[in-house]
Amino acid sequence: MTSSLKKVLHNEVLLYALWRIEQCSGDFLETSTLTPSTLKNIHSLVSELLTELRPEAVRLVDSFALPDFCLRSAIGSYDGDVYRRLFEWAKKAPLNKHEVTPGYHKYLRPLLNAKL
């Protein structure tokens, strides 16, 4: 294992541990296990780790070998055909089923045509 891989995996484990602490921060505060300032530092560390791991994100996700249908991501698909897929997803979105949303004629049109 290369040193760069060890660092990425270490940061990933650290990120998960700190994220879990953040998720249960109320318990840690209630039992005085951690102080508010410590939790603030943990939050800062999580942000730093996310920034550091961001360039590795695609490789980390790819390492799990999850098929595209599990990820359900328009921009994270294996074939890289992002724009066609985004356009297809947008056409299928519920807000784009009608040329004009049904509430337009009932609520907005009267307001737009009203003489104020």
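**Figure 1. Burial and overall build of the protein chain.** Buried residues account for 13% of the 116 residues in the protein chain; here, buried means under 20% relative accessible area, exposed means over 50%, and partly exposed is in between (1.4 Å probe, protein chains only). Please keep in mind that this is a predicted model, in which local features need pLDDT of at least 70 and side-chain atom pairs count only at pLDDT 80 or more, while totals for chains, interfaces and linings use all residues. Residues are numbered from 1 along each chain as its sequence is written, and side-chain values use heavy atoms, with hydrogens and water left out. The protein chain has 7 helices and 0 strands, where helices (H or I, at least four residues) and strands (E, at least two) are DSSP runs numbered from the N terminus. Its radius of gyration is 23 Å, well over the 13 Å that the globule rule gives for 116 residues, so the protein chain is more spread out than a compact globule. That radius is taken over C-alpha atoms, and the globule rule is 2.2 Å times the number of residues to the power 0.38. Along the principal axes, the C-alpha atoms fill a box of roughly 65 × 45 × 20 Å.

**Figure 2. Surface and charges of the protein chain.** The mean positions of the 15 positive and 13 negative charges lie 10 Å apart. Lys and Arg count as positive and Asp and Glu as negative, while His and the chain ends are not counted. Each charge is placed at NZ of Lys, CZ of Arg, CG of Asp or CD of Glu.

**Figure 3. Asparagine 11 and its contacts.** Look for asparagine 11 in helix H1 (residues 3-23). Asparagine 11 is buried, with a relative accessible area of 9%. Leaving aside neighbours within four places in sequence, asparagine 11 is in contact with Leu49, Glu52 and Leu53, contact meaning heavy atoms within 4.5 Å. Across the protein chain, 39% of the contacts between residues at least 6 apart in sequence join residues at least 24 apart.

**Figure 4. Two loop residues with positive phi.** Serine 32 sits in the loop between helix H2 (25-30) and helix H3 (36-53). Phi of serine 32 is near 60°, a positive value in a residue other than glycine, and serine 32 is exposed at 62% relative accessibility. Alanine 65 belongs to the loop between helix H4 (57-63) and helix H5 (68-71). Its phi is near 55°, a positive value in a residue other than glycine, and alanine 65 counts as exposed, at 61% relative accessibility.

**Figure 5. Cysteine 24 and cysteine 70.** Cysteine 24 is partly exposed, with a relative accessible area of 26%. Cysteine 70 is also partly exposed, at 46% relative accessibility. The disulfide count comes to 0, a disulfide being taken as a pair of cysteine sulfur atoms within 2.5 Å.

Figure 6. Proline 102 is part of helix H7 (residues 102-113) and is exposed, at 60% relative accessibility. Its C-alpha atom is separated by 41 Å from that of aspartate 62, 40 residues apart along the chain. Leucine 9 lies in helix H1 and is partly exposed, with a relative accessible area of 33%. From C-alpha to C-alpha, leucine 9 and serine 77 are 23 Å apart in space and 68 residues apart in sequence.
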